[in-house]
Amino acid sequence: MDVDEGDVLNYDVVVIGGGPAGSVAARFAAKGGADVLVLEKRQEIGSPIRCAEGVSLSWLEELELEDIDSSTSRVMKGAILYSPAGHELKITEKLAGDEVGVVLERDHFDKDMARLAVKEGADYMVKTSAVGLIKEDGIVKGVEAKNFGKRFEVRAELVIGADGYESQVGRWAGIYESLKPKDVMTCFQYRLTGIDMDPDYTHFYMGSDAPGGYVWVFPKNEDTANVGLGIQFSRLNGSKTPKDYLDEFIESHEDYKDGEPVDMVAGAVAVSHPPEKVTAPGILLVGDASRIVDPMTGGGIVNGLKQGKIAGEFAVEALNEGRFDEEIMQRYEERWRDKLADKLWRNYMAKETAMQLDDETFDKIIDALSEIDLETVTIGAILEGVKKKYPELVEEFEDMI
Ligand SMILES: Cc1cc2nc3c(=O)[nH]c(=O)nc-3n(C[C@H](O)[C@H](O)[C@H](O)COP(=O)(O)OP(=O)(O)OC[C@H]3O[C@@H](n4cnc5c(N)ncnc54)[C@H](O)[C@@H]3O)c2cc1C
């Protein structure tokens with residue numbers, strides 16, 4: 001779509017950000033009959049990739065996405081967890097159930113999400129940045145945007161902020177609480193080729209290789225994987241960067257040290273508890289912009305998709321009722337919280353504990369679990385398993401068993 005300086009476009013809904021959460025919100029709003037425009041500041045949806053591309057499969061049906069073959073790089077049989085001393089815990093397909101993972105081709109996936117939104121009638125503009133919100137009497141009424149240096153307006157009944165971790169939309173709307181350094185995971189990753197690993201499993205390394213986080217190895221094919229780590233921001237002392245930690249990890253692992261990087265990615269995710277508020281009159285946030293990344297894993301794609309669907313369907317309802325006031329926005333708040341908040345809180349508490357564990361404790365936990373026949377991978381079952389060999393480790397969590 002071409003625009004000229006000073007143009008005013010009119011839509012029911014304008015979505016800022018063409019990532020997975022924004023595209024799913026656009027898709028379900030358009031499906032319900034809304035006139036939707038998605039603005040994406042990058043010139044290509046899904047690129048460059050800033051992601052390890054690992055997701056579980058449990059959400060496909062719910063999001064009517066059974067056929068995402070072109071977006072899937074590799075289907076996993078399970079996961080292997082490693083302790084600092086090298087104890088291993090294999091979580092098999094049987095154990096993982098529908099939580100078993102796939103490694104996506106994230107750039108294809110994001111484009112697929114956009115394709116499905118366009119199929120329902122949504123319009124897209126790439127290389128187009130939202131630069132501010134239009135507000136009238138305290139209510140958001142649209143966005144100011146820029147395309148190839150030309151400034152124009154998009155007037156809309158509802159603005160959906162889907163602009164990711166660094167969301168400016170949340171700030172413009174005055175929705176944001178500031179993040180604590182302990183709730184930010186700084187990440188660094190290589191796509192490493194020429195490495196040796198079991199390519200049917202995702203691999204997770206716990207302990208001081210990645211303080212407050214973990215190292216991941218997510219296979220793309222037989223000898224290539226996304227090898228990265230996340231480190232709690234508050235544990236970085238300035239002299240050693242996440243890249244330094246990752247280089248050290250790779251150098252100290254025989255299977256990886258001869259690999260060559262074919263790309264590298266730096267980024268961050270918020271691993272905070274669910275925010276108090278992700279709406280204001282005329283505007284709502286979805287995906288990373290609303291800080292619903294799983295605090296335990298740092299994965300945000302699936303939660304963003306689920307919340308995006310709720311946002312799109314809510315948009316249609318609000319349009320039909322012709323209301324975008326504070327009270328109706330509570331409906332969206334309640335629905336996404338019903339779906340996601342319990343697990344986010346549980347995993348936030350689990351993360352707070354896991355971040356305190358030292359290498360010796362990780363060794364004991366993985367050692368204990370590797371000796372028993374785990375039947376599920378719930379927190380309760382894990383604590384029960386650890387209790388059998390190291391009861392002193394779980395004393396303070398007795399009530400969770
Ligand atoms: C290194 C790393 C590894 C990760 N690995 C995983 C993983 O394995 N699994 C997982 O589930 N999650 C992972 N995540 C998190 C995951 O990438 C995010 O949760 C996910 O991308 C969130 O989707 P989203 O649509 O909310 O935001 P994004 O995918 O960030 O999309 C936001 C979009 O908004 C656009 N935008 C921003 N500002 C503007 C503006 N002003 N105007 C117009 N457009 C704008 C951006 O260009 C971007 O395209 C990882 C993150 C990092 C940093």
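Predicted model: local features only at pLDDT ≥ 70, side-chain atom pairs only at ≥ 80, totals over all residues.
**Domains**

I started with the distance between two domain centres: taken over C-alpha atoms, domain 2 and domain 3 sit 23 Å apart. Then I checked where the domains run. Domain 2 covers 180-270 and domain 3 covers 353-392. Domain 1 is pieced together from 8-51, 107-179 and 273-352.

**Overall build**

Along the principal axes, the C-alpha atoms of the protein fill a box of roughly 65 × 45 × 45 Å. How does the radius of gyration fit with a compact globule? For 401 residues such a globule would come out near 21 Å, and the protein has 22 Å, so the two agree. I also looked up burial, and 44% of the 401 residues are buried.

My secondary structure tally reads ten helices and 18 strands.

**The seven-stranded sheet**

I traced an open sheet of seven strands, and its order is β6-β5-β13-β14-β15-β12-β16, with mixed pairing. Which strands stand at the edges? They are β6 (88-91) and β16 (260-270); each has a single partner strand, so one side of each has no neighbour in the sheet. On average, neighbouring strands here are turned by 20 degrees against each other, direction ignored.

Then I went through some of the pairings one at a time. Strand β5 (residues 78-82) runs parallel to β13, and five bridges join the two. Gly-78 has its bridge partner in β13, namely Tyr-201. On to the next pair: strand β13 (residues 201-205) and β14 are antiparallel, with three bridges. There I found Phe-204 opposite Trp-216 of β14.

**A closer look at β14**

I stayed with strand β14 (residues 214-221) for a while. Is this strand largely enclosed or left open? Six of its eight residues are buried, so the rest of the structure largely encloses β14. For the burial call I used the cut-off of 20 or more other C-beta atoms within 10 Å of a residue's own.

β14 also pairs with strand β15 (residues 224-232): they run antiparallel and share seven bridges. How many residues does the hairpin between β14 and β15 pass through? I found two residues in that hairpin.

**The three-stranded sheet**

Last stop was another open sheet. Three strands make it up in the order β3-β7-β4, with antiparallel pairing. Its edge strands are β3 (54-56) and β4 (72-75), each pairing on one side only.

I looked at one pairing here in detail. β3 meets strand β7 (residues 101-104) in the antiparallel sense, over three bridges. Gly-54 has Val-103 in β7 as its bridge partner. A reminder for reading both sheets: strands pair through backbone hydrogen bonds, either parallel or antiparallel.

Note on methods. Residues numbered from 1 in each chain as written. Pairing = 2+ DSSP bridges. Helix = DSSP H or I, 4+ residues; strand = E, 2+ residues; numbered from the N terminus. Rg over C-alpha atoms; globule rule 2.2 N^0.38 Å. Buried ≥ 20, exposed ≤ 12 C-beta atoms within 10 Å, placed from the backbone. Domains from an automatic or database assignment. Axes fitted to C-alpha atoms, helices over the stretch in contact; angles between N-to-C directions.
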